[in-house]
2 protein chains.
Amino acid sequence: MSDDPRDPAAGGAVDSVGGTVHEPSDAAAPSRFSRRRALGLAGAGVAAAGAVAVGGFAVARDDDAPAERVAAGHGAIPFRGRHQAGIVTPAQDRLHFASFDVTATSRDELVDLLQRWTAAAARMTRGEGAGPFGAVDGPYPAPPDDTGEALGLPPSGLTLTFGFGPTLFTTAEGDDRFGLAGSRPAGLIDLPHFPGDNLDPLRSGGDLCVQACANDPQVAVHAIRNLARIAFGSASIRWSQLGFGRTSSTSTQQVTARNLFGFKDGTANLKAEDPDAVARHVWVHRDDDPDARWLADGSFLVARRISMRIETWDRTSLQEQEAIIGRDKGEGAPLSGGTEFTPLDLDVEGGTGPLIPMRAHVRLTHPSQNDGVELLRRGYNFTDGSDGLGRLDAGLFFLAYVRDPVTQYVPMQNKIARDDVLSEYLQHTGSALYAVPPGVQDAGGFLGETLLG
Amino acid sequence: MSDDPRDPAAGGAVDSVGGTVHEPSDAAAPSRFSRRRALGLAGAGVAAAGAVAVGGFAVARDDDAPAERVAAGHGAIPFRGRHQAGIVTPAQDRLHFASFDVTATSRDELVDLLQRWTAAAARMTRGEGAGPFGAVDGPYPAPPDDTGEALGLPPSGLTLTFGFGPTLFTTAEGDDRFGLAGSRPAGLIDLPHFPGDNLDPLRSGGDLCVQACANDPQVAVHAIRNLARIAFGSASIRWSQLGFGRTSSTSTQQVTARNLFGFKDGTANLKAEDPDAVARHVWVHRDDDPDARWLADGSFLVARRISMRIETWDRTSLQEQEAIIGRDKGEGAPLSGGTEFTPLDLDVEGGTGPLIPMRAHVRLTHPSQNDGVELLRRGYNFTDGSDGLGRLDAGLFFLAYVRDPVTQYVPMQNKIARDDVLSEYLQHTGSALYAVPPGVQDAGGFLGETLLG
């Protein structure tokens, strides 16, 4: 159990409907706002939660199996734990992802940023502001320590997951600006060029990333905005991406959602309920990389912005769509028969060849065809308006957590980019890779402390 | 009551959790999908609704006061009625708005498009596909009549609201391509250039618009995508905009939401519960414009993409922010005192002048300062990633329904663009105006029939 009295799991701040009471719990920093308004706002929070008739739930805190056991909803998901939240946490419905360039020039500044981010993340995931809301009474008027647009909203299952890009360790020019080059994990490679890549440098790379997931987009956007505000002078947003409609269930308790090709996506994804598989395929182990033991209990995050040729796909016959995917569109059952969760039978033949075609997406990505490799996918659909030619700028923001990108992601992506018929309807327009440090376990800890502490 | 047996209000298709059963009710067009899968999918819909523990509600159908009495949620909002739904309907949480250029060259083609859109809109707002899902068994494989990504999702309060832009009546070159020039409403002006406008032509104008609002973004995106698919060859998307976090309550039953400046927005908005005011300020009356009687029971929609200088605002002191708005940030109470819904007192003085400053936003937009004018605002927050300089591309997608743009919107916008301190933090980057026809009342009717029928 947490020893942090401000942690909702400790019983201090969660009210009966699962929203946190918006009374700043940081007694050392009273604000004009909190003194004048705490009562009114707590009431507003209750009213908002009540209006959607969602019951609360208790947040069970257990550092060995934390976030994956917390149902997605309006409540709070613990920020602290052995692993960062937002990886095996049941995928929330909304995403705001941001990649940052670090402008700080010293290691101390970088540490300071990560410490301030840690404090703000712990607060926001509890449903509080990024800092005390009102300016502390003082000689000069000051901007609020929180921008306000999430005031009165419940925590909404917010998770904030942080990662370190290759350029944090060694810049593109080869500079070791923070003395981290020797700690760069072997798996944190510069991803190769894959067939069909059409990457926009302004949607790729970055020194740091934050994945904000929540069940209310306003809560996710609020979190990224306040982290960007806090970073002012030390880091700035390089690119960001909004997403909706989680496409990959990460829990057996979730209904499989659909991607913008209209197919269920993530049926065979790794699930939190299979901790052995998660340990094997997601978490970095202490002995995986002697130069990067700091990454133990962390992971790697592959982020790819995959644009879909929606209009072309929509003019393809249902039969062809199903043959390309290898599953039935309505229910998601494999073409080899059964229902959604029936295992694929890659050998069963129909009149004109295998029922699951040789180049079907589910065949090419099946573990049996990839040395047993699996990924924990956690992607989101996106629609960024339309392009100048009347086509929707839409697709899948692919996020996958892996123990080793070199053996898990690179070979599979090479194969599907080359052989998968589906790739004809896709274009990868953004790409990034990050090392995701372990979680913060102690109240005084900070993100990246095993690397920088 | 509706006489349409397929209308959920008639009791046919609403199940006990408020989701519609996904059994296509169009018996004339059986699909491979419906026959094989209806049972399984209906179950999935129930499971999805049950997973978020939101209770159902009955859809009360009353043509004189339809959508405003239906609580926002996962259920269906009637498509048919005297007025289009999506105007006084309690604002749903998510938006996908699209503006189309018509490429059809004959009036018949335009009518055909509007008829096909009407049929698809009626289906989708019931929670069904845009058309029967599977290709009807026939000699040739065909694309599905629905793209599939909303299969298994409940109706989610979807409303689809259609409008006609000035260029539908007279092109920019002055062509009367559809014989409609004589029916162009006097209020459907080319909006003037306002101080501070920095309009992107690729985010402005358009011949037709569709406002899709729902409580699930995937449902709203699905609707726009399918309407665009159906329009192929007759109209194409000119621009589109996603939004979240309704900023303007349109019902007294809704908690006031916050815009991205962090302030409650829409406290003093027109509300559905005041039908006299709605009739006076929103609905076009039969005698308003003798040349455009077809617009009776319709309205005008002003759409403005307002970019916010988020980073500058975030460095402004709380005191200054509150003085610019004229309300307290925490609770939304006017600076003249009281609580959120206390009327403004524009005369009360403090030590250094009026408590509500002379250039405060709430003073300049108050009906008493604008000849009694009010608007029905229905805007959404947006965040479209970030620009190349690390700033969030975020703001307010302002939507307002008015009886007459010339007297209600133009003078007020001229004033606030000129005098409102808030305008220093804003830039209008997109603009459009549409005439919004009345609702479709009869089963055989179509959108725009009073103009084109």
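Ala235(B) counts as buried because it has 25 C-beta neighbours inside 10 Å; a residue is buried if 20 or more other C-beta atoms lie within 10 Å of its own, exposed if 12 or fewer, and partly exposed in between, with C-beta atoms placed from the backbone. This is a predicted model, in which local features need pLDDT of at least 70, side-chain atom pairs count only at pLDDT 80 or more, and totals for chains, interfaces and linings use all residues. Residues are numbered from 1 along each chain as its sequence is written, while chains are lettered from A and ligands numbered from 1 in the order in which they are written.

**Around Ala235(B)**
- Ala235(B) belongs to strand β4 of chain B, residues 235–246 (strands are DSSP E runs of at least two residues, and helices are H or I runs of at least four, numbered from the N terminus).
- Beyond neighbours within four places in sequence, its contacts include Phe100(B), Leu113(B) and Leu208(B) (contact: C-beta atoms, placed from the backbone, within 7 Å).
- Asp207(B) is 28 residues away along the chain, and its C-alpha atom is 9.0 Å from that of Ala235(B).

**Helix α7(B)**
- In helix α7 of chain B (residues 318–325), Leu318(B), Gln321(B), Ile324(B) and Ile325(B) are buried.
- These residues line one face of the helix, because they fall within an arc of 125 degrees seen down its axis (the arc is taken from the directions from the helix axis to the C-beta atoms).
- They pack against α8 (361–364) of chain B.
- Gly326(B) follows α7(B) and has a positive phi, near 95 degrees.

**Confidence**
- Chain A has an average pLDDT of 84, and 83% of the residues score at least 70 (pLDDT is the predictor's confidence in each residue, from 0 to 100).
- Residues 1–72 of chain A have a pLDDT below 50.
- Where pLDDT is low, predicted coordinates should not be read in detail.
- For the complex, the predictor gives an ipTM of 0.82 and a pTM of 0.85.

Key. Two residues are in contact if their C-beta atoms, placed from the backbone, lie within 7 Å.
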